[in-house]
Amino acid sequence: MSENKIIRNVSRRTVLKGSALTTGAAIIGATAPMHFIRNAYAADSFRGDPGSNKSIVLGFNVPQTGPYADEGADELRAYKLAVKHLNGEGDGGMLNTMKPNNLKGNGILGKKVEFVTGDTQTKSDAARASAKRMIEKDNVAMVTGGSSSGVAVAVQGLCQEMGVIFMAGLTHSNDTTGKDKKRYGFRHFFNAYMSGQALAPVLKDEYGSDRKAYHLTADYTWGWTQEESIKAATENIGWETVNTVRTPVGAGDFSQYITPVLNSGADVLILNHYGKDMVNSLTQAVQFGLKDKMVNGKKFEIVVPLYSRLMAQGAGDAAKGILGTTNWHWSLTDDGSQAFVKSFGQEYGFPPSQAAHTCYVQTLLYANACEMAGTFAPWEVIKQLEGYEFDGMGNGPTLYRAEDHQCFKDVLVVRGKEKPQSNFDLLEVVKHVPRAQVEYPADMFGGELGPYKV
Amino acid sequence: MDAIFLQILNGLDKGGAYALIALGLTLVFGTLGVVNFAHGAIFMVGAFCAVTMEKILTLSVKVKDPSVTFFDAYKETPYLELWFGNTGSAIIDWVVPISIVVSIPVMLGLGILMERSLIRYFYKRSHAEQILVTFGLAIVLQELVKTFFGANPIPVSAPDIVAGSAAIGSWIGLGDAVVYPWWRLIYLLFSVVIISAVFSFLNFTTYGMVVRAGMADRETVELLGIDIERRFTIVFGLAAVVAGLAGVMYTPVLPPDYHQGMDFLVLSFVVVVVGGMGSLRGAVAAGFLLGILQSFSSMTEVKSIIPGIDQIIIYLVAVIILLTRPRGLMGRRGVMEN
């Protein structure tokens, strides 16, 4: 009887309440441990973790199509060579000269190095999409490459969001390690400020301090920062800036921008252009007779602050006698440069470009940092790269500054050779500018690195 | 005054290139009714005729370079210089004029091949399909050139005798400071000659008269027993020759690269639209007009009033023309108006 009563008193509503409470308690009970261990789990996991795989994958994101495709092809050659050397094949290249060196020629942390490639097309959106695919689909531990500051800044931002290290290729804008710097981004290449500081004293020695300069500038982040840096550096040596004119990227025909230079009173034309734009603007400036012109009683001069052998090749005779700066040149005679040029030359039959050099070095530096960290966990690898000092890689003693992830090393001032001895012998080194001359405070260009763990 | 004069010259020589490409575009549209997006690529192929000719003339013997000690590097000496000394060097120096002669049959052949093997199957298809197929063809041509020649610009020099600048200012009393490159003046003259030749061909020859009749009323001409399709094929070839020659002559102005055609194509289409689809005189007039407008809009004085105007002026004009006079400056009534 009493049992029946009890049963009768248990209403449908009570049963539902009880079920809900039981289910809720079960969910809370089951998930509570996850709440307490969630952070601990995330702390140990990271994108690109090879786990128990026998190989590690690196992502080479270079311009395979578009205006910088030749530069991209050279970067890719260098990456393949670096992989070869890391895996203990070939003659070892700079593994024999790098100091300090933790690499053993058995891959990275004993895992064989493999790679995937992507095409940046020298477009920020395409470069980001390609890097994202590498990270999500191919599980790369590190992304590297590129020939444009616009691309570098875009991919670096993505890598920061996704927690994957980005070892920048050729990027020269102050912004890359300035206002757009990121904890996960590292740049070995020099920047526009360094070009200005290295070039200005040579310009003073060669052309004097009473000069009037006219700037033609590529209208994007790199052009703006280079114009700013070169303008400041040349004004410091007494030059006057007559005008600064922005030109659209890929303008092709620059004649309408060059003709106003003729009657501007300027006696120096500074071309803040790179790649195809530089080849075109320099060629056309020479066609307009600027190299043979006399203004203010002085010979008119043209300056190309950022120079490369591939660009000198494109400009042909127009590049002869033109001053500029470069990150590295294959004719350097230090052990590291010679080892790299020998390996590269034997593999491909011609010397590497500065883009190839910086990409090769970046790959080795990343691998070495992993070895030092003893893990692929990016926050640990980052800590090894920050403040890392090394030598034997073609630029003399070099520092990866912890505060902005910019490499500090000697800068080369070069000139288009008047009488080239071979097809590759297009630039001559005028001056090795010591690292101390191009250093600057880490907070000069602003920016925040961001967190180690994302 | 000097600056204005120089910008007019700039505009004319830029306009010359636009007009030559637009002339071919509008000729093909007027005769075959085809919107040919591969026309810019034909201009690029013309430029690469000069590059190829230079590669042929500078075929070299390789001698080991002792100055490179790290690996085996080689110096190259052209066979022509080895065999004929200074005469060989002179032949190499005149590569662009030689290329002009060589490119005429090459471009004519290429044009006829393109028309016979692909374009003719799209005569009765919609413009959208024509654009898609010709755009695809342009990409194929581009990629082929990139495969063989790489992506970087390849410099081709004008003959030494015209490599410098002409003191044009002293000719007209503006002073020695006003100079202009010889080759650009030659280019301007060349474009005027080519445009005149095309107009003369169409206006003063029987062949041209039949083509014009076919453009106006194709069916009637066919009813008269004339094989108008064959003549239109030749016109397509002629348009390719004009674009190809424009490309060859442009190489000393702008080192060619595989993407050059696309850069010019968009501008040339705007020129055709502004001039009037199918109007030859319109294409030429709009080419020069837009060239001059583009040059003036690049002047610092103009840019200080309207920043960035140099980058949009051509498109701005096109928008205004399309809104106010859809058939273009000299277009036929009814074309593009429905």
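Modeller: Let's start with a distance: the centres of domain 1 of chain A and domain 2 of chain A, taken over C-alpha atoms, are separated by 30 Å. Bear in mind that this is a predicted model, where local features need pLDDT of at least 70, side-chain atom pairs count only at pLDDT 80 or more, and totals for chains, interfaces and linings use all residues. Residues are numbered from 1 along each chain as its sequence is written, while chains are lettered from A and ligands numbered from 1 in the order in which they are written.

Colleague: Which residues make up domain 1 and domain 2 of chain A?

Modeller: Domain bounds come from an automatic or database domain assignment. Here, domain 1 is 55-190 + 332-409 and domain 2 is 193-326.

Colleague: How many residues of domain 1 of chain A are in contact with domain 2 of chain A?

Modeller: Two residues are in contact if their C-beta atoms, placed from the backbone, lie within 7 Å. By that rule, 14 residues of domain 1 of chain A meet 16 residues of domain 2 of chain A.

Colleague: Which elements give two or more residues to that side of domain 1?

Modeller: Helices (H or I, at least four residues) and strands (E, at least two) are DSSP runs, numbered from the N terminus. For this side they are α3 (69-86) and α5 (149-162) of chain A, and α5(A) has the largest share, three residues.

Colleague: And between the chains, how many residues does the contact take from each?

Modeller: Chain A and chain B each put in 37 residues. On the chain B side, α1 (2-32), β2 (74-78) and α13 (280-297) supply at least two residues each, with α1(B) giving the most, six.
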